[in-house]
Amino acid sequence: MDKPILKCAIVDDSTLQRLSIVKLIENHPALNLVAEYNNAIEAKMGLATTDIDLIFLDIEMPILSGFDLLDDLTLKPQIIFVTGKTKYAFKAFDYDAVDYLRKPISKERFLNAVHKAITNYKLKNDEGFDDEDFIFVKSNLKKRKVFLNELRYIEALGDYVKLVTEHDALVVLSTMKAFEALLPSERFLRIHKSYIVNLDKVERYNSKVIELDKEQLPLSRNRKADLVEALAATIRN
């Protein structure tokens, strides 16, 4: 499948920095630059009427900062922060940033950040996946890559969720609802208030549990019909 084309905007008060990002965007086949703004006030007005998938956003700008702009946006596109300082990194990820790039931007870091944004876009828009598709999650203050074909199930742990893969388990600060929306519905199903399962990993099931290799997970009564239908769909496909 061809890569999606993400509509991009740049918000930066430095003309030279905007030009450097423009060049990187124009050389990327999956990005389409549709707007440039030299301050957050201008961006706030423009983004209200412009459909954007991804913003390359500076943080330190006059009057309104990049954070202030995001606080004022009702619909938030994906965000890649671009700044000259590292001190905002932890706060940036409170805004669900795709990545945090420090100026001057290297091409390698730019491409890595854009790849994350493309992956997130495909997940959100249910565009279909192959064995190499993956998501990035934040665990123990580090970004970790999780391949979808290796993800067995997700378990709720209070304010956290545990991602169990073929190799290990990761604990992530998130909600089940957020992951249910993030993962492709044709491959993952919420089978219980505390569990989301990879349908490809299901080996057997009855009215109360499903089996994944040597593990058993509880199956809610009101989810059994959904499971049967979902498994039948994977066979048809």
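Biologist: From which domains does the lining of the largest pocket draw at least three residues each?

Modeller: In this predicted model, domain 1 (6-125) and domain 2 (136-236) each supply at least three residues to that lining.

Biologist: What volume does the largest pocket have, and which residues are closest to its centre?

Modeller: Its volume is about 1400 Å³. The lining has 34 residues, and those closest to the centre are Asp 96, Ala 97, Asn 120, Phe 136 and Leu 182. Elements giving two or more residues to the lining are β4 (78-83), α5 (107-125), β6 (134-139), β10 (169-173) and α6 (176-182).

Biologist: How do the lining residues divide into nonpolar, polar and charged?

Modeller: There are 20 nonpolar, six polar and eight charged residues in the lining of the largest pocket.

Biologist: Now the cores. Which residues of the largest nonpolar core touch the most other members?

Modeller: A nonpolar core is a set of buried residues joined through side-chain atoms within 4.5 Å. The largest here has 24 residues, and Val 11, Leu 47, Leu 57, Leu 69 and Phe 81 touch the most other members. Two or more residues come from each of β1 (6-11), β2 (31-37), α2 (40-47), β3 (54-57), α3 (66-72), β4 and α4 (89-93).

Biologist: Which residues does Leu 47 touch, leaving out those up to four places away in sequence?

Modeller: Leu 47 touches Ala 9, Tyr 37, Ile 52, Ile 55, Leu 69 and Leu 73. A second, separate core of 22 residues includes Ile 80, Ile 105, Phe 110 and Tyr 121.

Biologist: How many helices and strands does the chain have?

Modeller: The chain has seven helices and 15 strands. Of its 237 residues, 46% are buried.

Notes:
Residues are numbered from 1 along each chain as its sequence is written. This is a predicted model: local features need pLDDT of at least 70, side-chain atom pairs count only at pLDDT 80 or more; totals for chains, interfaces and linings use all residues. Side-chain values use heavy atoms; hydrogens and water are left out. On a 1 Å grid over the protein atoms alone, a cavity is a set of points where a 1.4 Å probe fits but cannot get out, and a pocket is an open set with protein on both sides within 12 Å along at least five of seven lines; lining residues have an atom within 4 Å of a point. Grid points are joined across faces, edges and corners, and a volume is the space filled by probe spheres set on the points. Helices (H or I, at least four residues) and strands (E, at least two) are DSSP runs, numbered from the N terminus. Ala, Val, Leu, Ile, Met, Phe, Trp, Tyr, Cys and Pro count as nonpolar, Asp, Glu, Lys and Arg as charged, and the others, Gly among them, as polar. Domain bounds come from an automatic or database domain assignment. Buried means under 20% relative accessible area, exposed over 50%, partly exposed in between (1.4 Å probe, protein chains only). Contact means heavy atoms within 4.5 Å.
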